[in-house]
Amino acid sequence: MHQQALEILQCPYCGSAFTLDAGPTLRQTGDEISTGLLRCQCTTYPIVDGIPVLLAGYGGDGSFPQLLADAPEQVLYSMLGLDDERQAGFERWLTKPDGTYSELLELFCPGVEGPYFVHRFANPTFLVGQSLLRAVASDRRCFARRVIDLGGGSGHLVRVLGELAAGQEVWLAETNYWKLWLARRIVAPQCVPVCVDAEAPLPFQRGSFSLALCSDAFHYIWSKRMFASEMMRLVGADGVIVVNHVHNALQENHSMGLPLAPRWWRNLFAEMGARAFKESAALEALITRAPLDLTPQFSDDELAGEQALFMVATLLDGFWRSYPYPGAQCTSGVWRLNPLYEVEAQGEQAKLSLTRFPSPSYEDEYKDCKRYLPAELAVPANVLARAAAGAWDDDLQALAECYVLLNVPEHYL
């Protein structure tokens, strides 16, 4: 955590500013704080491995401050939710020069959620969010100040924001500490992470951000009115709110959460002129490389049949327009074969088959990926090695444009 982050952080409960405790928990190199305690007018919050944990009940009383001072690594293991066996695996991972994100997911998140994160860069809901961000980023008013992803998981869209922000700070707010740790370590190391409770007021000063994003998370939040009001408070009258992939209560959906009907989603941001859009239309525009049109004002009836929506809210003049096709992927990482593909060597060619779905339920939930991922294709046998080596040509460009090749962070797969 950079000490300058204290300029906009405030207690989510009493609203007062923080001071940094100068006691034995503090470990700081220059402006960078690795461990410490933040004090406000009502309680104390810890900084654990550079991430402020602004959750109720953490670090204020008892033996916690002493443990943070004496054995910060044990506090980290606790925050990551590691039992003895997984802690040993984590310690082994830390010694590996080539340890990967996917290996860490097996330690932090054994179960069905892990494959979702591994395959996120080719997921249709992610691609719509990425396309939407890349489109609106052409209006640089989105980046007049810091930007933030709320409930941003382990940083996949934060990575996109980091490439678009042109030097502005990109913040990641998330309740699950292990996701923040993964984001800062591998997926989006440029981000400013902070551990927050989405069901409580957000710990930032009014107007701190020019863009607030929430993707594939809002329908899991109970206190929707408060969360929406907080998003509007964070960006102010000259900001932009993007809410990507919210479930429609009028339609069946995987992992439903706590959805709303379209009119009530829009109503949450009515004072900022929110518009709700068809996610299916945005995906179609992405696949056909058509402009992303933000001019329609869809009626509730027109949106009723959509499984999922996205919303944009802003009072900025001239924002509601058609945005040219923005291009598909980041370019700041390395190019790797989409892990959904099986590779079979066939002489001077390799056969790629879309068969490695992690489960039948995953394949069903994200079946729209089959609209842009070829079921089978043959490529020159050396094409994958060329991509891994950083070479680039028309063959590789074609594979990237249909997401057979993915641009991912170093040490992701």
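Author: Happy to, and let's start with Leu-406. At 4% relative accessibility, Leu-406 counts as buried, because buried means under 20% relative accessible area, exposed over 50%, and partly exposed in between, with a 1.4 Å probe and protein chains only. Keep in mind that this is a predicted model, where local features need pLDDT of at least 70, side-chain atom pairs count only at pLDDT 80 or more, and totals for chains, interfaces and linings use all residues. Residues are numbered from 1 along each chain as its sequence is written, and side-chain values use heavy atoms, with hydrogens and water left out.

Reader: Where is Leu-406 found, and which residues does Leu-406 touch?

Author: Leu-406 is found in strand S19; helices (H or I, at least four residues) and strands (E, at least two) are DSSP runs, numbered from the N terminus. Leaving out residues up to four places away in sequence, Leu-406 touches Phe-121, Ala-122, Gln-329, Val-334, Trp-335, Arg-336, Asn-338 and Pro-339, where contact means heavy atoms within 4.5 Å.

Reader: What lines the largest cavity?

Author: Its lining is made of Phe-121, Phe-126, Gln-130, Arg-159, Gln-329, Cys-330, Leu-406 and Asn-407. Helix H6 (124-136) and strand S19 (405-408) each supply at least two residues of that lining. The volume of the largest cavity is about 40 Å³, and the count comes to one cavity of 30 Å³ or more.

Reader: What makes a space count as a cavity?

Author: On a 1 Å grid over the protein atoms alone, a cavity is a set of points where a 1.4 Å probe fits but cannot get out, and lining residues have an atom within 4 Å of a point. Grid points are joined across faces, edges and corners, and the volume is the space filled by probe spheres set on the points.

Reader: Why is the pair of Phe-117 and Trp-178 called edge-to-face?

Author: First the rule: rings of Phe, Tyr and Trp (its six-membered ring) pair if their centres lie within 6.5 Å, and planes under 30 degrees apart count as stacked, over 60 as edge-to-face and the rest as tilted. By this rule there are 27 aromatic pairs. Phe-117 and Trp-178 sit 6.0 Å centre to centre with 85° between the planes, so the pair passes on distance and the angle makes it edge-to-face. Phe-117 lies in helix H5 (residues 113-118) and Trp-178 in helix H8, so the pair ties together parts that are 61 residues apart in sequence. Both are buried: Phe-117 has a relative accessible area of 5%, and Trp-178 comes in at 10%.

Reader: Which residues do ring pairs link into a cluster?

Author: The cluster takes in Tyr-77, Phe-90, Trp-93, Phe-108, Tyr-116, Phe-117, Trp-178, Trp-181, Tyr-362 and Tyr-366.

Reader: Which residues touch the most other members of the largest nonpolar core?

Author: Phe-218 and Phe-269 do, in a core of 151 residues. The largest share of this core, eight residues, comes from helix H8 (residues 177-187). A nonpolar core is a set of buried Ala, Val, Leu, Ile, Met, Phe, Trp, Tyr and Cys residues joined through side-chain atoms within 4.5 Å. Among the residues that Phe-218 touches are Phe-227, Met-231, Trp-265 and Phe-269.

Reader: How do you know that there are zero disulfides?

Author: A disulfide is a pair of cysteine sulfur atoms within 2.5 Å, and a search of the whole structure finds zero. Take Cys-214: the closest cysteine sulfur, in Cys-195, is 15 Å from its own, so that is too far for a bond. For Cys-369 the closest cysteine sulfur is in Cys-402, 12 Å off, again too far for a bond. Cys-214 is buried at 1% relative accessibility, and Cys-369 is buried with a relative accessible area of 1%.

Notes. On a 1 Å grid over the protein atoms alone, a cavity is a set of points where a 1.4 Å probe fits but cannot get out, and a pocket is an open set with protein on both sides within 12 Å along at least five of seven lines; lining residues have an atom within 4 Å of a point.
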